[in-house]
Amino acid sequence: MKALIVDDERLARTELRRLLAQHPEVEIAGEARNGEEALALAAQLSPDLLLLDVQMPGLTGFDLLERLDDVPQVIFTTAYDAYAIKAFEVNALDYLMKPIAPARLAAALAKVRPRTGSMRLERVFVRDGDRCWIVALPDIFLLESEGNYTRVCFNGQRPLIRRSLNALESQLDPAVFFRANRKEILNLKWIDKVDLGVAGGLSVTLRGGRTVEMSRRQSGRLREILSL
Amino acid sequence: MILSVAMRNKIIYRCWQIVFWGGYMSVLFLQTKRYTGWQPHIVFDYLLFFGYCVALTDLLRREILRRGWLDAASFRTVALALLSAVPLSALQTLLVVATDFAFSGSQSYFLEQLPGILWTWLGVGAMDLYWIGIYSLVKTRTLGKEKQVRLELALREAELRALEAQINPHFLFNCLNSIRGLVVEDPTKAQDMITRFATLLRYNLNHDARYTVPLSAEAEVVADYLALEKVRFEDRLRLQVAIDPAAASLPVPPMILQSLVENALKHGIARLPQGGDLQIRAAARNGTLILEVENTGELTDSQSGDTQFGLNNIRERLRLLYGDRASLALRNGEGGHVVATVQIPKVP
């Protein structure tokens with residue numbers, strides 16, 4: 001399991017490295033001193049796990065997550081702003097308070113799952129004003145295009161992320177996410193019922209009540225998939 | 001403990017009711033007995049009298065408390081409390097007359113007994129006045145004591161909160177974390193840092209905001225603080241201190257330089273990935289102390305509320321101590337620096 005340590009203080013990084021030495025399953029792939037370095041290293045190493053300080057000069061921990069295409073699993077390490085993590089509704093794997101208690105670290109690491117190995121997107125980080133979320137893809141039932149942005153619909157929320165629907169689509173698992181029309185991608189696992197639509201296409205109702213009109217071409221493909 | 005005090009007061013109140021009205025009842029009973037001798041209905045009469053006196057004054061007490069006449073005891077409310085003796089005693093007299101009349105069965109009772117009735121009213125009225133007077137006196141005093149205790153508690157809480165605000169928790173925990181790292185890497189330095197940390201904490205906890213300290217004493221603590229921050233920031237923090245010997249002995253409000261430096265680190269150096277310079281200068285001009293803290297960074301129009309809060313705190317303290325003769329100014333200096341300047345006048 002590859003981990004990336006992100007913290008602006010050298011001693012804090014060294015200390016974390018020393019604590020992680022007790023966990024041979026964790027391989028420390030790299031250390032970053034700030035958000036910018038982390039961005040470059042994350043792209044290069046694609047780690048399974050980020051051990052991320054919240055307050056850093058330049059990009060904060062949240063800024064960094066927002067800029068990552070593919071968000072790994074995140075354990076926040078923080079001196080005092082645990083309240084911020086809670087207030088932000090970020091469902092990170094866990095957060096650790098510095099100085100870090102070895103038992104707490106072990107408990108947090110126990111929740112980490114290695115990557116499935118595919119290059120598919122597993123979760124996205126979404127920020128909407130003062131609120132942000134790390135959303136696991138299975139929780140997303142619909143993605144709607146809004147120009148260069150995409151609206152992410154999950155759990156009663158529909159914030160925008162700074163990526164186009166087309167850019168996102170290339171990273172999604174086609175067995176789960178299905179292009180309904182020019183503007184929408186739906187999660188097949190969330191389909192509740194399928195009706196015949198007005199213009200010969202299908203009309204799909206998702207769990208939660210949202211209806212999506214399929215284009216005629218995609219209706220045909222959906223029929224194929226569902227009949228399997 | 002507060003509960004037990006309340007319980008004690010309740011017991012005292014009950015005992016007092018029994019002694020007060022029981023005593024009065026006994027005196028009246030003994031007087032009457034001289035004329036009538038032992039008669040069961042008279043004993044009953046007086047026991048009944050005792051019963052409603054206790055009940056009615058207790059009702060009055062509840063009413064006085066409910067209306068808060070004694071919370072902020074003014075002439076008007078105390079007068080109102082005392083005046084309530086008139087209707088109260090009238091009611092008591094009415095009840096006396098009613099029981100008396102029921103037992104006597106005389107048609108001309110009222111005419112025969114009119115002077116006696118008036119005397120009863122006067123006597124009972126006087127007793128009610130005593131009762132209300134004593135109750136008001138005792139109750140106002142206990143209320144006053146409670147208020148004082150509450151006030152002291154509130155004051156201490158406010159002081160504690162102020163202390164909490166002074167030790168920046170973010171610094172505190174980061175510092176502990178760095179020292180934990182140092183313990184392995186450089187034990188001697190770790191020891192030194194723990195000592196400095198203790199000095200800083202002690203100063204934070206012990207200083208009395210009402211008194212000033214010599215600048216040199218404040219500067220020593222700031223040096224400890226900066227040594228600790230240096231462990232965190234390492235070469236991201238580049239430090240220069242120049243304190244004029246003439247300025248070193250001048251008095252400053254405790255924590256003033258500390259707050260300025262903390263502010264400079266928090267809003268300046270800590271935000272820069274490459275770190276920056278921090279310069280502390282102190283000079284004396286005609287007895288006026290000029291303190292300057294300069295840091296790499298930029299002052300924007302929309303300085304965060306946080307900065308303003310820190311600086312307003314310093315301004316408020318200066319105002320309390322020196323009125324409008326001391327000042328704090330923040331400006332953009334040369335070469336991408338921010339300069340905070342505090343001027344403290346000579347105190348005659």
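Modeller: Before we start, contact here means heavy atoms within 4.5 Å. This is a predicted model, in which local features need pLDDT of at least 70 and side-chain atom pairs count only at pLDDT 80 or more, while totals for chains, interfaces and linings use all residues. Residues are numbered from 1 along each chain as its sequence is written, chains are lettered from A and ligands numbered from 1 in the order in which they are written, and side-chain values use heavy atoms, with hydrogens and water left out.

Biologist: Happy with that! How many residues of chain B are in contact with chain A?

Modeller: On the chain A side, 20 residues take part. Chain B brings to these contacts a count of 20 residues.

Biologist: And how much area do chain B and chain A bury between them?

Modeller: The size of an interface is often given as the accessible area lost when the parts come together. Buried area is counted that way here: the accessible area (1.4 Å probe) that two parts lose on being put together, summed over both. Carbon and sulfur atoms hold 51% of the total, which is about 1900 Å².

Biologist: Which three residues supply more of the area that chain B buries against chain A than any other three?

Modeller: Together the three supply 31% of the area that chain B buries against chain A. They are His170(B), Asn177(B) and Arg180(B).

Biologist: Which helix gives the largest share of the side of chain B that touches chain A?

Modeller: Helices (H or I, at least four residues) and strands (E, at least two) are DSSP runs, numbered from the N terminus. The elements of chain B that give two or more residues to that side are helix 6 (169-185) and helix 8 (215-233). The largest share, 12 residues, comes from helix 6.

Biologist: How many charged residues has the side of chain B that touches chain A?

Modeller: The classes work like this: Ala, Val, Leu, Ile, Met, Phe, Trp, Tyr, Cys and Pro count as nonpolar, Asp, Glu, Lys and Arg as charged, and the others, Gly among them, as polar. By class, that side has nine nonpolar and five polar residues, and its charged residues number six.

Biologist: What is the count of salt bridges between chain B and chain A?

Modeller: A salt bridge needs a side-chain nitrogen of Lys or Arg within 4 Å of a carboxyl oxygen of Asp or Glu. One such pair is Arg232(B) with Glu9(A), at 2.8 Å from N to O. Between chain B and chain A the count is five.

Biologist: Which residue of chain A forms a salt bridge with Arg236(B)?

Modeller: Arg236(B) lies in the loop between helix 8 and strand 2 (237-243) of chain B, and its partner in the loop between strand 1 (2-6) and helix 1 (10-20) of chain A, so the pair joins two chains. Arg236(B) counts as buried at 10% relative accessibility; buried means under 20% relative accessible area, exposed over 50%, and partly exposed in between (1.4 Å probe, protein chains only). The closest N and O atoms are 3.5 Å apart, and the partner, buried at 13%, is Asp8(A).

Biologist: Which side chain makes a polar contact with the side chain of Thr341(B)?

Modeller: Thr341(B) lies in strand 7 (residues 337-344) of chain B and is buried, at 11% relative accessibility. A polar contact is a pair of N or O atoms within 3.5 Å; within protein, one must be able to donate a hydrogen and the other to accept it, and residues adjacent in sequence count only if both atoms are side-chain atoms. At 3.3 Å, the partner is Glu292(B).

Biologist: Is Asp69(A) buried or partly exposed?

Modeller: Asp69(A) forms a salt bridge with Arg163(A), the closest N and O atoms being 4.0 Å apart. Arg163(A) is buried at 14%, whereas Asp69(A), with a relative accessible area of 47%, is partly exposed.

Biologist: Last one: how many salt bridges does the structure hold over all chains?

Modeller: Some are linked in a network, made up of Asp63(A), Glu66(A), Arg127(A) and Arg162(A). Another joins Arg179(A) and Glu169(A), at 2.7 Å from N to O. Over all chains, the number of salt bridges is 34.
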